[in-house]
Structures are given as structure tokens and as C-alpha cells.
2 protein chains.
Amino acid sequence: MSSVEPRRRADAERNIAAIIRVASDLFGRGQSPSMAEVAGAAGVRRATLYGHFPSREELIDAVITHAITHTDETLTALALDRDPADVALERLVRTSWPILDRFRRLRTAALAELGSERLRRHHDRTLHHVDQLIRRGQDDGLFRTDLPLDWLVTTFYAVLHAAADEADAGRISPSAAPDLLTRTVLSLLTLRRDDLPEDT
Amino acid sequence: MSSVEPRRRADAERNIAAIIRVASDLFGRGQSPSMAEVAGAAGVRRATLYGHFPSREELIDAVITHAITHTDETLTALALDRDPADVALERLVRTSWPILDRFRRLRTAALAELGSERLRRHHDRTLHHVDQLIRRGQDDGLFRTDLPLDWLVTTFYAVLHAAADEADAGRISPSAAPDLLTRTVLSLLTLRRDDLPEDT
């Protein structure tokens with residue numbers, strides 16, 4: 001067997017990486033590039049682009065997959081299980097915010113192209129960290145158990161992404177968001193003395 | 001002057017009402033009708049439809065405006081200022097839910113067509129009720145003041161719409177949503193003894 005096949009595969013991988021990098025950057029800056037523009041910026045022919053990503057929808061799907069993989073790796077590296085759940089939650093929020101802030105325009109493009117439900121399913125891998133953390137906080141008596149776990153994960157997701165949308169619209173300052181989010185999410189999750197019977 | 005002009009105007013109003021009713025119903029059932037399908041279902045010619053709504057975007061915009069007007073009227077009729085803010089908040093949530101549930105698929109279509117920011121601005125008229133209510137609860141010492149009012153309104157909006165998305169995806173039951181939302185929103189907004197200095 002000649003070395004042609006491995007070389008072709010390496011070319012394809014390089015092209016795919018360049019396309020995703022360029023598309024990530026263009027959508028991330030709030031642009032809405034055509035497929036021809038993406039091909040041009042990535043330095044590949046349109047036929048090559050369409051060979052890898054037959055539609056704009058599949059391209060955005062791949063860009064989101066790439067961003068989620070990055071986020072998942074970052075959250076895994078936090079080793080959240082070393083800290084008490086409430087401390088870990090604050091670290092999770094403060095680490096997630098710059099990622100959300102960086103990808104907020106990509107999110108807008110993905111919402112339009114993929115819809116909110118498909119975008120939410122992409123987040124299953126990152127929300128897995130949130131799910132585990134809330135579950136542990138519940139087991140340790142730090143977090144509330146009067147609302148379903150899935151719903152608590154959903155409100156976490158909704159509130160963090162709402163902050164990204166607000167930052168994108170200029171209604172909150174990105175630098176104020178980590179404090180705002182930490183307070184909000186802890187209010188949602190932590191047990192309240194008010195909720196306990198009077199004699200405890 | 002003949003009676004032709006008033007009659008034409010009456011025809012136009014009747015056509016617009018029929019178009020919005022039909023489009024509301026089709027989008028509300030999760031369909032994605034073409035302009036030709038909307039015209040057919042409303043019993044008007046395509047030229048008539050395009051005369052009133054030159055694009056699908058303008059049609060969805062009008063459908064959303066119609067839904068928001070209905071919601072605003074419903075919330076105004078609640079006369080929320082007669083009750084203490086926390087009681088009024090629960091009434092607001094329980095009245096809003098069936099409306100959100102009814103329009104949740106229209107919301108999905110509007111998100112794709114108009115984007116999240118434009119959809120949010122449409123909600124200014126309904127969020128005005130929330131803003132006023134939270135402000136009153138803060139003045140009366142019932143609601144927290146450690147987070148900006150605008151952010152509290154945003155989290156209210158985010159959490160209610162997250163529940164509608166969850167119901168649409170089949171992850172929560174629409175009948176469970178009012179209790180879930182009431183507890184969640186009150187946790188977010190009410191002052192907590194934990195947040196007060198120890199000696200109070």
C-alpha cells in the first residue's frame with residue numbers, strides 16, 4: 001500500500017480542523033457567513049467544504065460539538081469532586097462564564113439553525129457535570145431536594161445562558177456576570193433555613 | 001364619497017385577523033407552514049397575504065404581537081396590586097403557565113425566525129408586570145434587593161420559558177409546571193433569613 005491514503009486522510013483532517021476553526025471564529029463574532037465565505041476563509045475549495053459538511057446545519061452542528069468538547073474537557077479538569085458541593089458550584093460557575101461569554105454569538109447562530117432542543121441536547125455532556133455536582137450536594141445535605149434534580153439542572157442551564165444573552169444584548173456587563181450568577185444559582189440550589197421545620 | 005373604502009378596510013381587517021388566527025394555530029401546533037399554506041388555510045389569495053405580510057418573518061412578528069397583546073390583557077385583568085407581592089407573584093406564575101404552555105411551539109418558531117433578542121423585546125410588555133411586582137415586593141421588604149431588578153426580571157423570564165421548553169421536550173409534565181415554577185421563582189426572589197445578619 002502506498003502512502004497516498006494516509007496523506008489524504010491527514011489532508012482531510014487538516015481541512016476539517018481549519019474549517020471548524022474559521023467557522024467558529026466567524027459565527028463567534030456574530031457574523032452569518034455563507035458556505036462560500038467559510039470555504040474562502042478556511043482556504044479550501046467549496047467542493048471540499050461540502051464534502052465534509054453537506055449543509056450549513058451540519059457545519060454549525062460540528063462547530064457546536066467542538067465547543068462542547070472543549071467545555072467538557074475544561075470542566076473535567078476542574079476536578080470538582082475535591083471540594084464541598086457549594087464551593088465546587090461556585091468554581092463551576094466562574095469557570096463556565098468566560099466560555100459562555102466567548103461562545104454567546106455562536107449560541108445565537110446555533111439557536112436559529114438547530115433550534116433550542118437540539119442545542120440543549122448538545123449540552124448534555126457539560127450538564128452532566130452539573131447533574132453530578134447537584135446530586136452530591138443533595139446527598140451531603142447542602143442542596144435542596146424538594147425540586148426534581150432534572151429541573152434544577154435545567155434552571156442552572158437557563159440562568160447561565162440567560163446571562164450570556166443579556167451580556168450579548170448589552171444589558172449586563174460580562175465582568176459583573178460571575179458574581180450575579182454565583183448568587184443566583186446558590187439561591188436556587190441551597191437549602192434554606194426558612195424551608196426547614198421550625199424546631200431544627 | 002362612496003362606501004367602497006370603508007368596505008375595503010373592513011375586508012382587509014377581516015383578512016388580517018383570519019391570517020393571524022390561522023398562522024397562530026399552525027405555528028402553535030408545531031407546524032412550519034409555507035406562506036402558500038397559510039394563505040390557503042386563511043382563505044385568502046397569496047397576493048393578499050403578501051400585501052399584508054411581505055415576508056414570513058413579518059407574519060411571525062404579527063402573530064407574536066397578537067399573542068403578547070392577549071397575554072398583557074390577561075395579566076392586567078389580574079389586578080396584581082391588590083395582593084401582597086409574594087401572593088401576587090404566585091397568581092402571576094399560575095396564570096402565565098397555561099399561556100406559555102399554549103404558545104410554546106409558536107415560541108420555537110419565533111426563536112428560529114426572529115432570534116432570542118427580538119423575541120425578548122416583544123416580551124417587554126408582559127415583563128412590565130413582573131418588573132412592577134418585584135419592585136413592589138422589594139419596597140415592602142418581601143423580595144431581595146441584593147441583585148439588580150433587571151436581572152431578577154430576566155431570571156423570571158428565563159425560568160418560565162425553560163419550563164415551557166421542557167414541557168415541549170416531554171421532560172416535565174405541563175400539569176407539574178405551576179408548582180415547580182412557583183417554588184423556583186419564590187426561591188429566587190424572596191429574602192432569606194440566611195442572608196440577613198445573625199442578630200436580626
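**Exercise 1.** Describe where B:Thr126 is placed in chain B and what surrounds this residue.

*Solution.* Begin with the secondary structure: B:Thr126 belongs to helix α8 of chain B, residues 124–139, where helices are DSSP runs (H or I) of at least four residues, numbered from the N terminus. Next, take the accessibility: B:Thr126 counts as buried because its relative accessibility is 8%, buried being under 20% relative accessible area, exposed over 50% and partly exposed in between, with a 1.4 Å probe and protein chains only. Then look at the side chain of B:Thr126, which reaches the backbone oxygen of B:His123 at 2.9 Å. Finally, leaving aside residues up to four places away in sequence, B:Thr126 touches B:Ile68, B:Thr71, B:Asp72 and B:Leu75, a contact being heavy atoms within 4.5 Å.

This is a predicted model, in which local features need pLDDT of at least 70 and side-chain atom pairs count only at pLDDT 80 or more, whereas totals for chains, interfaces and linings use all residues. Residues are numbered from 1 along each chain as its sequence is written, chains are lettered from A and ligands numbered from 1 in the order in which they are written, and side-chain values use heavy atoms, with hydrogens and water left out.

**Exercise 2.** Work out how chain A and chain B are related.

*Solution.* Within chain A, the residue that comes closest to the rotation axis is A:Ala112, at 2.1 Å (C-alpha). As for the contact residues of chain A, 100% recur in chain B, so that the same surface serves both copies.

**Exercise 3.** Examine the backbone and the accessibility of Ala79 in each chain.

*Solution.* Start from the general rule that most residues other than glycine have a negative phi. Against this background, A:Ala79, although not a glycine, has a positive phi of about 45 degrees, and B:Ala79 has a positive phi of about 50 degrees. A:Ala79 is found in the loop between α4 (56–77) and α5 (85–102) of chain A, and B:Ala79 in the loop between α4 (56–77) and α5 (85–102) of chain B. Lastly, A:Ala79 counts as partly exposed at 22% relative accessibility, as does B:Ala79 at 23%.

How values were computed. Helices (H or I, at least four residues) and strands (E, at least two) are DSSP runs, numbered from the N terminus. A polar contact is a pair of N or O atoms within 3.5 Å; within protein, one must be able to donate a hydrogen and the other to accept it, and residues adjacent in sequence count only if both atoms are side-chain atoms. Copies are superposed by least squares on the C-alpha atoms of residues with pLDDT of at least 70 in both.
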